[in-house]
Amino acid sequence: MYLKIGIVWIGLGMLLLPLVGYAWQLWQLKINNKRVLRLENEMLEAHAEILHLQKQLAEMKLCKEKRRKVIEIENRELLRKCEV
């Protein structure tokens with residue numbers, strides 16, 4: 001009698017434990033995929049912010065360069081007027 005109950009439990013364990021393990025693995029993969037997606041979104045946002053800041057810096061440098069050229073041209077014109 002006890003031997004039959006033991007065999008039944010062993011048989012049930014052999015059938016159910018792989019299914020439980022598979023379900024556990026799927027659950028872990030789902031959680032990890034969510035984490036990966038969240039990190040990827042954070043990285044995309046960070047890169048977008050970096051690109052935006054680089055664009056602002058380039059625009060500031062361009063404006064500074066243009067102002068410097070205007071000042072140089074004005075100085076040359078003043079020098080020409082003074083020489084005449």
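The following paragraphs go through the structure from its overall form to single residues. This is a predicted model, in which local features need pLDDT of at least 70 and side-chain atom pairs count only at pLDDT 80 or more, while totals for chains, interfaces and linings use all residues. Residues are numbered from 1 along each chain as its sequence is written, and side-chain values use heavy atoms, with hydrogens and water left out.

The protein contains 1 helix and 0 strands; helices (H or I, at least four residues) and strands (E, at least two) are DSSP runs, numbered from the N terminus. Helix H1 covers residues 2–83. The C-alpha trace spans about 125 × 10 × 10 Å along the principal axes. The radius of gyration of the protein is 36 Å, whereas a compact globule of 84 residues would have one near 12 Å. That radius is taken over C-alpha atoms, and the globule rule is 2.2 Å times the number of residues to the power 0.38. Distances along the chain can be followed too: the C-alpha atoms of Leu53 and Glu77, 24 residues apart along the chain, are separated by 36 Å.

How much of the protein is buried? Buried residues make up 0% of the 84 residues, where buried means under 20% relative accessible area, exposed over 50%, and partly exposed in between (1.4 Å probe, protein chains only). Glu77 has 42% relative accessibility, so Glu77 counts as partly exposed. Trp9, also in helix H1, is exposed because its relative accessible area is 60%. Trp9 belongs to a nonpolar surface patch that also includes Ile5, Val8 and Leu12. The patch has about 830 Å² of accessible area together. Such a patch takes residues with over 30% relative accessible area and no salt bridge; like charges are joined within 9 Å, nonpolar side chains (Val, Leu, Ile, Met, Phe, Trp, Tyr) within 5 Å. Accessible areas come from the Shrake-Rupley method with a 1.4 Å probe, and for residues only the protein chains shown count as cover.

The structure holds 2 salt bridges, each a side-chain nitrogen of Lys or Arg within 4 Å of a carboxyl oxygen of Asp or Glu. One joins Arg38 to Glu42, with the closest N and O atoms 4.0 Å apart. These two residues are 4 residues apart in helix H1, about one turn of the helix. The other joins Arg68 to Glu65, with the closest N and O atoms 2.3 Å apart. Arg68 and Glu65 are 3 residues apart in helix H1, again about one turn. Glu65 is partly exposed because its relative accessible area is 31%.
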